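Subject: Structure for you to look at

Hello,

Here is the structure I promised. Please open it and keep it beside you as you read my notes.

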Amino acid sequence: EGTVYYAFSQGRNVARDSLSLLRGLPLRLFCDFNVEPLCWIVAQEVDGVMHIIDEIKIAKNANTTMAAREFCARWASQYRGRVLIDGDVSGNQRNTASGGYADYMIIEEELTKAFGVRPDLPRQKINPSVGDRVTSVNSLLEHSRVLIDAKCRFLIEDLEQVTWNERGTDLMKGYHGDLRDRTHFTDALGYGVFNLWLTRHGRN
């Protein structure tokens with residue numbers, strides 16, 4: 001076993017002051033569709049650095065409608081414009097407990113009502129591999145291109161505590177105790193970083 005996100009540093013990657021919403025920049029939503037817990041990240045790209053400004057965690061009996069409405073309740077009054085979404089693309093097919101719609105259809109419907117404009121949904125059809133997601137996150141962490149608001153404690157815990165399995169071939173996951181909460185926020189970050197950043201800027 002070993003720490004997956006070895007490049008993470010509190011001094012380098014956690015902001016000393018709160019990160020404010022910048023209304024002239026797009027708001028970004030990175031989604032992981034686990035059920036317990038369901039974990040989403042809210043971000044903005046600021047001068048080449050990904051600012052992580054909020055996290056949403058629904059611990060039990062989560063569904064996409066609950067998370068989308070929580071996101072809208074927090075941000076629709078502060079931001080008017082298109083929300084750019086990245087995440088697990090299996091959400092295009094997965095049926096939830098929220099009336100049988102695919103996850104991104106639910107998100108599109110809720111955000112369009114709240115923000116007054118349709119969000120940009122993921123365009124890719126296949127998820128990146130675990131290895132590619134991890135490499136992407138570590139690359140940006142190491143080069144000071146991810147800055148996290150200190151209130152995002154679940155994401156910070158994930159970055160500090162996620163480990164490889166005994167064979168070093170996959171992330172250590174579990175369904176009980178502390179392991180139940182691990183990997184989901186960093187999974188969401190990895191989808192956003194890989195699909196948004198590396199497809200545009202390449203690898204460092």
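Which helix holds both E70 and R74, and how many residues apart are they? Both lie in helix α2, residues 64–75, and they are 4 residues apart, about one turn of the helix. Keep in mind that this is a predicted model.

E70 and R74 form a salt bridge, with the closest N and O atoms 2.7 Å apart. E70 is partly exposed, at 31% relative accessibility. R74 is partly exposed too, at 28%. The pair also belongs to a network of salt bridges that includes D54.

Now the wider view. The chain has 6 helices and 5 strands. Their order along the sequence is α-β-β-β-α-β-α-α-β-α-α. Of the 204 residues, 52% are buried. Take the contacts with a separation of 6 or more: 69% of them join residues 24 or more positions apart.

The whole structure has 9 salt bridges. Here are two more of them.

E110 pairs with K113, at 3.8 Å from N to O. These residues sit 3 apart in helix α3 (residues 103–115), about one helical turn. E110 is buried, at 9% relative accessible area. K113 is exposed, at 57%.

D187 pairs with R133, at 3.2 Å from N to O. This bridge links distant parts of the chain: D187 is in helix α6 (residues 184–201) and R133 is in helix α4 (residues 130–142), 54 residues apart. Both D187 and R133 are buried.

Best wishes

How values were computed
Residues are numbered from 1 along each chain as its sequence is written. This is a predicted model: local features need pLDDT of at least 70, side-chain atom pairs count only at pLDDT 80 or more; totals for chains, interfaces and linings use all residues. Side-chain values use heavy atoms; hydrogens and water are left out. Helices (H or I, at least four residues) and strands (E, at least two) are DSSP runs, numbered from the N terminus. Buried means under 20% relative accessible area, exposed over 50%, partly exposed in between (1.4 Å probe, protein chains only). Contact means heavy atoms within 4.5 Å. A salt bridge is a side-chain nitrogen of Lys or Arg within 4 Å of a carboxyl oxygen of Asp or Glu.
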